[in-house]
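Here's a quick tour for anyone opening this one up for the first time. Have a look at the sequence and the model, then read on.

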Amino acid sequence: MSMIVEKAGLLDTIQDGGRHHWAHLGISTNGPMDWYAHELANALVGNRLDAPVVEMHFPASTLRFTKAAIISITGADWEIFINGRSVVFNRTLIVQPNDRLLIGKKYKGERACLAIHGKWKISNDLGSASTDLKSKLGGMGGRKLMAGDQIFFEPHNTVVNPASTNFKWYAEALSASDSIRALPGPEWHWLSEESKSRILSQPFLLKPNSDRMALNWEAPALQCTNADKMVSSAVTFGTIQLLPNGNIVTLMADHQTVGGYPRILQVIRADLPKLAQLSPGSLVHFQLTDMATASAHLAKMKSHLQQVASAVRLQMAFG
Amino acid sequence: MSYPALFRMHETAWLIQWLPGINAGTNEQVHASAKWLRLHSLPGLLQILPAYDSLYVEFDSTGILQNPSTWSTQVETWLQECLATGPKELQSNPADLVRIPVCFDEVLGNDLSAIVSFAGMDHDEITSLFTDTTYHVFMLGFLPGFPYMGTVNEKIAVPRKKQPVNVKTGAVGIAGMQAGIYPVHSTGGWHIIGHTPLKMFDKHSSSVTLLQPGQQVQFYGIDIHTYHQMCARP
């Protein structure tokens, strides 16, 4: 089976669980913007949770499947058509030979994950298929999908009873609140008391120049002492840095390995998917939380994913 | 605050922080500790990332999902054991020395004239001061294979440019007391003293990057002819 890109989307890239073990050499992790959507998409098609997916931005690619396939689309809530027939996200879907997948209107959310059951025949670089656009690693030669690209899959004998594709697996509704929970960063204590209280009370507006590397926020400037003492140190997905001009930046999937700005907050894993789906112009509030709360929320989300994965696998018969 | 100190960065990561600042003694402890952690690794390790004065250690979520409190304690005990024994055990190993050719010819487009103005010395004196130093590779970051090295002789320790400009693959740059090498075309604010024909990053090579954190580097001058010959080598 193969999937052909008939029309390229704005930024569709292959992402898997990330390129780990190389950060000490300056190599980024990359991977999906929305880890929950990534794992849910794979759970819905009976793949390993860290298997590759196509992460789509809007407008997305138009894709054609040469043979029948089991797929799912998760994350953003966009209008989805399979051969003109309207289908729903967060579900296990079946496509027939030569079916065309097309994305229509955007209702809500910025990134979707498309999972396809089976083993992807794509090359790994340094142990991962995640796309690093800057260093040209992973996925489709380290670049975004283009018209004419063809992604191949190993043949398999998995079948799904079409009647059972109406799985009632609903994604755990990510909290609709505008609150983003975070832990104090290593340089949290460098913030003035006034800035500490302001960062936890004032709204932050997401700027349009946000991307896979970082979310940029608009708000009255914050202040900290000691910024000139900052020496380059590790940063990660969800690290919030305070820039010299008093603005904050949240590092996302394509973040560099180290940074030279104070790390004042660290968004909890459970709220990273929410960040990934925010549209420019969205307003958020940051809320300080603790490790126990952060771990508990992460555990709840992971447990839900395991339940979906187990239930889907029960519905599938592997030849 | 007493150093080194442990900081819980997030649900599955810790930061070991040594006395803040850039100095080779502290950095050697960072690398000795990283080595110890690799030799005595725990399951689920994803990254061991050394920086100037800190070491970031990240795991996958298996441990925290199985038993949050027990697992955290296990990791912290392991990190404390590293700090107690790592640096002593491994610091005595001499660091590898890597010799890197650099072409100072201005035809390649560099900032030597700006460095001449800054230093008040001529071209040859500056390049001699640059090649006379043995540099310590403090860390890699910013781009795959980009080394942060020190310490540049203070006479030629020209600060960063106010605005970054385009730099070529192999550009050897100075930013204050740091020296670096751009592995690919990039925008950069470091003053470029010369260019190396060597590849700093190659995903197909066994070491992946030319330099590793904790190594020592010496530069040696080559002429433009040799530079082009070396660039042409596969």
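## A covered helix in chain A

Helix α1 spans residues 35–44 of chain A, and 10 of its 10 residues are buried, where buried means under 20% relative accessible area with a 1.4 Å probe, protein chains only. Among them are W35(A), H38(A) and E39(A).

After the helix comes G46(A), which has a positive phi, near 75°.

## How to read this

This is a predicted model, in which local features need pLDDT of at least 70 and side-chain atom pairs pLDDT 80 or more, while totals for chains, interfaces and linings use all residues. Residues count from 1 along each chain as written, chains are lettered from A and ligands numbered from 1 in written order, and side-chain values use heavy atoms, without hydrogens or water.

## A loop residue in chain B

T12(B) sits in the loop between β1 (5–10) and β2 (13–17) of chain B. T12(B) is buried, at a relative accessible area of 5%. Beyond its neighbours within four places in sequence, T12(B) is in contact with residues including F59(B), I64(B) and W71(B); contact means heavy atoms within 4.5 Å.

Notes:
Buried < 20%, exposed > 50% of the residue type's maximum accessible area, 1.4 Å probe, protein only. Helix = DSSP H or I, 4+ residues; strand = E, 2+ residues; numbered from the N terminus.
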